[in-house]
Amino acid sequence: MKKGAVVFTSLALLLAFCIPAVAQPSNRAVETIVVDTFDDNGEHEWTWNVAASNYVDSENGFPKLSYFDGQPNSLKYLNDAESPKVLGVKTSFLRKGENWFEVYPEKDGKAYEIPLIGNVTQIDFWAWGANYLYKLDLLIRDADGRVYTLPATTMTYKGWKNIIVQIPTSIRQRSRLRSGPKSLMFVGFRIHTDPNEYVDDFNIFFDQLKYTSNRSEERRVGKECRSR
């Protein structure tokens, strides 16, 4: 009985030390990755563009996209750029209704989707609101090619706001096919108006787009592939 108890105790201790090492991902693999600071310094392969629905006042040049000097106060001590900028869009529609516009990355004159590496848990960014009843969504594409619309916020606030969007675990981030996509893709921002809200003068600004990712799974899969 004593010998059996000793063997059982030794096995229990061995499992106690081995199981956590296998089952729990390392916190060191969790990273916050900056996608774009919007400082217009040419460091990225993409630029930004905007498109709008039918009743935008295109005769007067809307929607208008440009970079503007400034940043949220909370980023002043974190951003070392000499001349920090934000991305701004100004819109005006000819009538109330289901109006919308999208702000999206562009490369070589075509829409470009930014890959988000690893197992992405959240996307966050800063957006400036002017207390309009507009809704702001994120557009992302999963590894099977489907585009998801993720609600981000309602623009019924004034000034800068740090917006955090959790990525549902139901969204596939790695293709089942060996030759398929290996990550989520950031498609863009979509803003749509409330049918009863004013639409003749609206401004929005963006800054510091980033995401949080756990890359432990990506590294584990890569190690397995190399060992075969």
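Visitor: Which side chains does arginine 141 or glutamate 113 meet in a salt bridge?

Guide: A salt bridge is a side-chain nitrogen of Lys or Arg within 4 Å of a carboxyl oxygen of Asp or Glu. Here the side chains of arginine 141 and glutamate 113 meet each other in this way, at 2.8 Å from N to O. Arginine 141 belongs to strand E9 (residues 134-141), while glutamate 113 sits in the loop between strand E6 (110-111) and strand E7 (114-116), so the pair ties together parts 28 residues apart in sequence. Strands (E, at least two residues) are DSSP runs, numbered from the N terminus. This is a predicted model, in which local features need pLDDT of at least 70 and side-chain atom pairs count only at pLDDT 80 or more, whereas totals for chains, interfaces and linings use all residues. Residues are numbered from 1 along each chain as its sequence is written, and side-chain values use heavy atoms, with hydrogens and water left out.

Visitor: Is glutamate 113 buried, partly exposed or exposed?

Guide: Buried means under 20% relative accessible area, exposed over 50%, and partly exposed in between (1.4 Å probe, protein chains only). Glutamate 113, at 22%, is partly exposed, and arginine 141, at 26%, is also partly exposed.

Visitor: How many salt bridges does the structure hold?

Guide: There are nine salt bridges. One of them pairs lysine 210 with aspartate 124 (2.8 Å, N to O). Lysine 210 lies in strand E13 and aspartate 124 in strand E8 (residues 119-130), so this pair ties together parts 86 residues apart in sequence. Lysine 210 is buried at 16%, and aspartate 124 is buried at 4%.

Visitor: Which residues do salt bridges with shared partners join into one network?

Guide: Aspartate 144 and arginine 146 meet in a salt bridge at 3.5 Å, N to O. Shared partners join Asp142, Asp144, Arg146 and Arg172 into one network. Aspartate 144 is partly exposed at 29%, as is arginine 146 at 44%.

Visitor: How many residues has the largest nonpolar core?

Guide: In soluble globular proteins, nonpolar side chains tend to be buried together. A nonpolar core is a set of buried Ala, Val, Leu, Ile, Met, Phe, Trp, Tyr and Cys residues joined through side-chain atoms within 4.5 Å. The largest one here has 42 residues, and those with the most contacts inside it include Trp48, Val103 and Phe189. Strand E13 (residues 202-214) supplies the largest share, five residues.

Visitor: Which residues does tryptophan 48 touch?

Guide: Contact means heavy atoms within 4.5 Å. Leaving aside residues up to four places away in sequence, tryptophan 48 touches, among others, Asp36, Leu65, Val103, Pro105, Phe189 and Leu209.

Conventions: Helix = DSSP H or I, 4+ residues; strand = E, 2+ residues; numbered from the N terminus.
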